[in-house]
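Q: Please take a close look at a single part of this model. Describe how it is built, and then how it sits in its surroundings.

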Amino acid sequence: MIVFDRVSKRYPNGREGLSNASLRIEEGEMVFLTGRSGAGKSTVLKLISLLERPTRGTVVVGGKNTGSLASRHIPAFRRRIGIVFQDHKLLTERPVFDNVALPLVVAGTPLKEIDKRVRAALDQVGLLGKERALPLELSVGEQQRVGIARAVVSKPPLLIADEPTGNLDPDLAVEVMRLFKRFQEVGVTIVVATHDVHLVRELGLREIVLDHGHVQGTENDPLAGMVATR
Amino acid sequence: MSLGLTSYGARHVQAFLGSLGRLARNPFSTFLTLIVIALALALPLGLELFVTNARIATGGFANAIDLSVYFKADVPLAKAEQLAKSARARPGIAQIDVISADAALAEFRAYSGFGAALGVLSANPLPHVLHVHPASDAESAASLEALRRYFAAWPEVDLVQIDAQWVSRFNAILEVLRRLLIIAAAILGAGVIAVIGNTIRLEILNRRGEIEVTKIVGGSNGFVRRPFLYAGILYGLGGALLAWGIAASAIGMLAAPVAALARTYGSRYALIGPTAQELGILIAGGVILGWLGAWLSATRHLRSIEPRA
């Protein structure tokens, strides 16, 4: 599903976000990116979602080389990826329904279909009945779940999350991770960047460790480790 | 296919209603913007109406170039009519009206305001006159000169006057006004583009976060731009309708005094408002300028907003 081959990313300010990193994430897998802040976790996610392009090396997502994808194809590319942000990135002056519906509206989904799928997504995150609420009327945990509903409403094959539990207390964090696990069980590939190592270990899933832009190795998966150290 | 078209249409309807709703939620600032646009559109419309009305009020004579042939005072009416009859056979003449001295005096008495003073005259001092309208293919300076010579050669004729100079002056004034209209329309049109462009720019900056999120979830530039284009179109349309309202009330206020003025010239002229064609140009112009201003602004400023996670 995702292949990084000797990828480097240098930002305009000269900071090296990623150095010669190779990694591979299979379809249907749920993987954690861990490491200290600044280790390159966010850079990996930005390169996957084409918020950035690699300086060197190739990034292939869903069979598409992001380095050579024309700008006009980026919107269609992003519609196949659900993104969850630490700060939710919700539209605060729009009700929950509008926020969750946005990816469907953007894709030109018929209105009836939008109604049905938004309710289904809100049901999955346990927020059915909150359609008309404004995001700021909800708790932080609920806001994060609205963000997750928006990420999955168009049923993308790939879901990426950047520190989705960063602002949540431990109980809510576990709940959010369980939610991701349920999406993985229905076939969605999931990549979660987090510094919450304890939570990752508890779930016992593969972990790609980053340090100063380098892939340090992986836990629970010798194959990916070989790729990473190649 | 039809499903695709329907949802494409639905997306446009959505964007249109969204833009309309956004304008309606800020009625005061929307109204201020509309006023500025309306004034910029109303000025060229007013000039256009002025030129049209001036042209129609002065009627035929703005285009017609006449010759007035004055007979000597002792030439009898019968002779004048006989000469007119023979002149009518000449090519290059569309029409000849014989105005007898009596008719001229009666008209002068009625319209000049000297009615009482004329009463003390013992005899009619006016000569008989021929009003000659040249045929439309004989209005060049050379053929007019030929006509003048033809009438001047008659021994009964005292004076031949070509009423052309003031006509060409009047036409020149109208032409200046029409040029002025085009210049004003161009300058104010650019002003409308600037006003709408700036309004849209502020709107884009206000909604920066929303635009970023929309792009993150896969909204194309076209999708993001669409509501702003509709907002521009609505501004242009609203401004044009308001300009129509301004012009209509100006005409309403001027109608009575203009009619009174026209009566003093013995005319029943009444001001005419914008024609369907002029309204069409006004509204289409407003819509196009609004769309263009929004397009320029949106294309320029949306490019700078790229999502940064």
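Predicted model: local features only at pLDDT ≥ 70, side-chain atom pairs only at ≥ 80, totals over all residues.

A: Residues are numbered from 1 along each chain as its sequence is written, and chains are lettered from A and ligands numbered from 1 in the order in which they are written.

H6(A) covers residues 170–185, 16 residues in all. From first C-alpha to last H6(A) reaches 23 Å, close to the 22 Å expected at 1.5 Å a residue (1.5 Å times one less than the number of residues).

Five names make up the buried set of H6(A): Ala173(A), Val176(A), Met177(A), Phe180(A) and Phe183(A) (buried: 20 or more other C-beta atoms within 10 Å of the residue's own; exposed: 12 or fewer; partly exposed in between; C-beta atoms placed from the backbone). Viewed down the axis of H6(A), these buried residues fall within an arc of 110°, so they line one face of the helix (the arc is that of the directions from the helix axis to the C-beta atoms). Asp171(A), Arg178(A), Arg182(A) and Glu185(A), on the other side of H6(A), are exposed.

The packing partners of the buried residues of H6(A) in chain A are strands S3 (30–34), S7 (158–162) and S8 (189–193), together with helices H5 (140–152) and H7 (197–203). After H6(A) comes Gly187(A), with a positive phi near 105°.

The next level up is the domain. In chain A, domain 1 is given as 2–80 + 156–229 and domain 2 as 89–154 (bounds from an automatic or database domain assignment). Their C-alpha centres are 24 Å apart. Contact between them involves 10 residues of domain 1 of chain A and 10 residues of domain 2 of chain A (contact: C-beta atoms, placed from the backbone, within 7 Å). H6(A) supplies four residues to the domain 1 side, the largest share. That side divides into eight nonpolar residues, one polar and one charged (nonpolar: Ala, Val, Leu, Ile, Met, Phe, Trp, Tyr, Cys and Pro; charged: Asp, Glu, Lys and Arg; polar: the others, Gly among them).

H1(A) is mostly covered, with eight of its eight residues buried, including Lys41(A), Val44(A) and Ile48(A).

In the contact between the chains, 20 residues of chain A meet 16 of chain B. H1, H2 (74–78) and H3 (96–106) of chain A are the elements giving two or more residues to the chain A side, which divides into 13 nonpolar, two polar and five charged residues.

Chain B itself has 10 helices and four strands. Its C-alpha trace spans about 100 × 40 × 35 Å along the principal axes, and 24% of its 309 residues count as buried. Domain 1 of chain B (2–60 + 168–303) and domain 2 of chain B (66–163) have C-alpha centres separated by 51 Å.

Conventions: Contact = placed C-beta atoms within 7 Å.
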